[in-house]
Amino acid sequence: MTTEPFDIPSWPPSLTPIQLEALTLYATTYALSHGLLYLLPGPLPAISSAAIHAPFSLFPSPFPRKLFEAGQRIQRTYNVLYARIAMDEEFLDRVMGTETGVGKVDDFIGQLWTGWKQLRDEGLAQHLHLGLFRSDYLLHTLPNQPLSIKQVEFNTISVSFACLSQKISELHRYLLSSTQYYNCSAQLKPENLPPNRTISGLAEGLAVGHKAYNVQGSRILFVVQPGERNVFDQRWLEYELLEQHSIHIVRQTFEELAHSAIVDPHTSILRVSCSTDIHPSGSIEISTVYYRAGYMPNEYPTPAHYATRFLLERSKAIKCPTIALQLAGGKKVQEVLAQPGVLERFLRDEKRYGKDGIFSEHEVNELRSTFMAMWGLDVGENLLTADYDSIASGKEGFGVLKARDDAHALVLKPQREGGGNNVYKEAIPAFLDSLPPQERQAWIAMELIVPPEGTGNYLVRAGTIQAESQAAAKADVVSELGIFGYALFGGESREIKEKEVGWLVRTKGKDSDEGGVATGFSVLDSLLLVD
C-alpha cells in the first residue's frame, strides 16, 4: 500500500524551556497516575511496591492517515491468513518440521514441532485455536516513489504493549486537552489523534475463547515469565476481563505449572491448583491458556519445561496460541509467504475455502505490497528451493553469496521473538563466516526498510528509585506501527471469527536497529495522522 509523499512542518514543534519542563511534568505525573508503568529492575519480591513510568514520547508522531487506515484494513486479511496457516499441517510440517523444515536445524523449533507432532498422533483434545496478533510496520521511502508501509514481522505469541499503547494514546490526548501543546502546531488537534481501544479489543478476544469453552466457573490462565517487569501491561487485560466480562484469571509461570497443572486422562480437562486462591476446592478448571511467555529457548532450560508446555497443549483448554499457531509466526513462514503463489494458496483457492472464503485479487495484492524482498540463506538461484549441494559440501550457495553482496542493505533474522536476535548490515559478513552451513536454513535475509528522515521527538525515560526522572531528550527518531487483531478458529467447521482491535507505536532513535520497548531500545508513542 502506497500513498503520495506527505510533508509536515519540522517535528517536533518548538517549545520554550519552561514549556518543555512543564509538559514533561504533566506527562510523567499522568503516566504515574494512570498505570503507564514498569516495575523497577532487579530481583522482584512476591509483591513489589516500587514502579517507574514506562518510557514514552512527549508528542505523538506523524503518520500518513491513508497508510494507517490501510494497515487497519489489511489486518483483517492477515488474521485469516495466519489462521489458515495454523490449520494447514502439511504446510507447517514442510516449512517448520524436522524432516524438511527449519526444525531440522533449529533445536528450539524442532522441540516444539516434535512435541506438537506427537500430540497430533495421539489425537488432539481441542481443535480450536485462539490468536492475539500484531503486525508491525515501518514507513518505507525510496527516491521518486510514493511512501508505503512495509511489514517488519507478524507476531502470533505474547503480543505485548497493547494495554500501555492505549495508555500513551490517552496521555497524548490529555496533554492536548490540558495544555493545547501550547499551540505549538496546527496539526495537533483531536481529529488527528485516532482512538485506541486495545485493552477492550484484546480482552474481547480472550473472552471469545473463554465463551467458546463454555464451562461456568472456569478461568483463563496467564502463563507469565518470572520476574516480569511489564506486569501492568498484563494487569489491564486482567481488570478488563473481570470488570467487563466477569472472567477471573490465574497467573503462573512454567515453574509453578510444573507442580500445579494436571490434565485429567479421561476428560482432558486442565486444572491448576492455587494454594492462595479463594476458590474453595483449591483446584481451578482452565478455559483458555494465554501465553505471555514461552517464545524464547531460554524459557525452556530443562526437558521439564517442554513437558509442561506439552501438558498444557494436550488439554482441552483453548490455547492462545497453540503450538501450531506459534510455529506459523516463524520468520521462515514470513519468507515463504513472499514466494510466488503462496498467498494465493491461502487466500484465493476456491476449492479449499469455498467461494465465500476467497479474497479478491486486490486484497491479496494489497497485503503482498507490505512485503520486503526476502530469501532463505539456504536457497539456490531461484530464491525458492534449498541448495542441498552447497549445504552438503559446506560451500556457500546463492543465498549466502547474495547476502554477502547486499549486506549493507539487509537484516538477517533467525526464528526468534523478543528482540535483540537479528544481524544487521556491516555485521553480516563476519556472522556468515561463523555460521555453520547446516544452520543456514534457520535464517532468512530481508531487505532493510528505509524510513523517512527528518522526524524527531522528545523521549522521556524514567530514572531509578534514587534519581529523579530524566529530562525529555530530543532525538531524531523512527516510529514503528503495530496493528492488533484476534482470531478464534478451527474445529469441525474451520470457521474463523476475527477482528482488528487496535494499534501501538514504538519510537526509537534513528541509529538503533532493534525496536523493543522491554529491551530498552524504544519508547511508547502514539499517532498524529497527517494527510
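# Exercises on a predicted model

M374 is buried, with a relative accessible area of 10%.

## Exercise 1. The surroundings of M374

Determine in which strand M374 lies, whether M374 is buried or exposed, and which residues M374 touches beyond four places in sequence.

**Solution.** 

Step 1. The element that holds M374 is strand β14, residues 374–376.

Step 2. The cut-off for a buried residue is under 20% relative accessible area. With its value of 10%, M374 is therefore buried.

Step 3. When residues up to four places away in sequence are not counted, M374 touches Q334, E335 and A338, and also I444, A445 and M446.

Step 4. A C-alpha to C-alpha distance of 9.4 Å separates M374 from L410, while the two are 36 residues apart in sequence.

## Exercise 2. The largest cavity

State how many cavities of 30 Å³ or more the structure holds, then describe the volume and lining of the largest cavity.

**Solution.** 

Step 1. There are 4 cavities of 30 Å³ or more in the structure.

Step 2. The largest cavity contains about 140 Å³ of space. Its lining consists of 10 residues, and those closest to the centre are P62, L139, P452, T455 and S479.

Step 3. Two elements, β5 (61–64) and β19 (473–490), each contribute at least two residues to this lining. The largest share is that of β19, with 3 residues.

Step 4. By residue class, the lining of the largest cavity comprises 7 nonpolar and 3 polar residues, and no charged ones.

## Exercise 3. The second largest cavity and Q415

Describe the second largest cavity, and locate Q415, one of the residues nearest the centre of that cavity.

**Solution.** 

Step 1. The volume of the second largest cavity is about 120 Å³. Its lining has 15 residues; nearest the centre lie I109, Q326, G330, Q415 and E417.

Step 2. Two or more lining residues come from each of α4 (107–122) and α10 (323–328). The greatest contribution, 3 residues, is made by α4.

Step 3. The lining of the second largest cavity is made up of 7 nonpolar, 5 polar and 3 charged residues.

Step 4. Domain 1 (8–365 + 460–529) and domain 2 (373–447) each provide at least three residues of this lining.

Step 5. Q415 occupies the loop between β15 (410–413) and β16. Its relative accessibility is 4%, so Q415 counts as buried.

Step 6. Leaving aside neighbours within four places in sequence, Q415 is in contact with M96, V102, D106, I109, G330, K331, K332, A442 and I444. Of these partners, I109 and G330 are also named among the residues nearest the centre of the second largest cavity.

Step 7. Q415 and F108 are 307 residues apart in sequence, yet their C-alpha atoms are 8.9 Å apart in space.

## Exercise 4. Backbone geometry in loops

**Solution.** 

Step 1. The bond from C320 to P321 is cis, and its omega is near 5 degrees. P321 belongs to the loop between β13 (318–320) and α10.

Step 2. Y181 is not a glycine, but its phi is positive, at about 50 degrees. Y181 is placed in the loop between α5 (162–179) and α6 (198–213). Since its relative accessibility is 0%, Y181 counts as buried.

Step 3. K425, likewise a residue other than glycine, has a positive phi near 40 degrees. The loop that holds K425 runs between β16 (423–424) and α17 (428–434). With 26% relative accessibility, K425 counts as partly exposed.

## Exercise 5. S360 and the chain as a whole

**Solution.** 

Step 1. S360 lies in the loop between α13 (350–353) and α14 (361–368).

Step 2. Considering contacts between residues at least 6 apart in sequence, 72% join residues at least 24 apart.

Step 3. The chain has an accessible surface of about 22,400 Å², and carbon and sulfur atoms account for 51% of that surface.

Methods. Residues numbered from 1 in each chain as written. Predicted model: local features only at pLDDT ≥ 70, side-chain atom pairs only at ≥ 80, totals over all residues. Heavy atoms only, no water. 1 Å grid on protein atoms, 1.4 Å probe; cavity = no way out; pocket = protein on both sides within 12 Å on 5 of 7 lines; lining within 4 Å. Points joined across faces, edges and corners; volume = space filled by probe spheres on them. Nonpolar A, V, L, I, M, F, W, Y, C, P; charged D, E, K, R; others polar. Domains from an automatic or database assignment. Contact = heavy atoms within 4.5 Å. Areas by Shrake-Rupley, 256 points an atom, 1.4 Å probe, with all protein chains shown as cover. Buried < 20%, exposed > 50% of the residue type's maximum accessible area, 1.4 Å probe, protein only.
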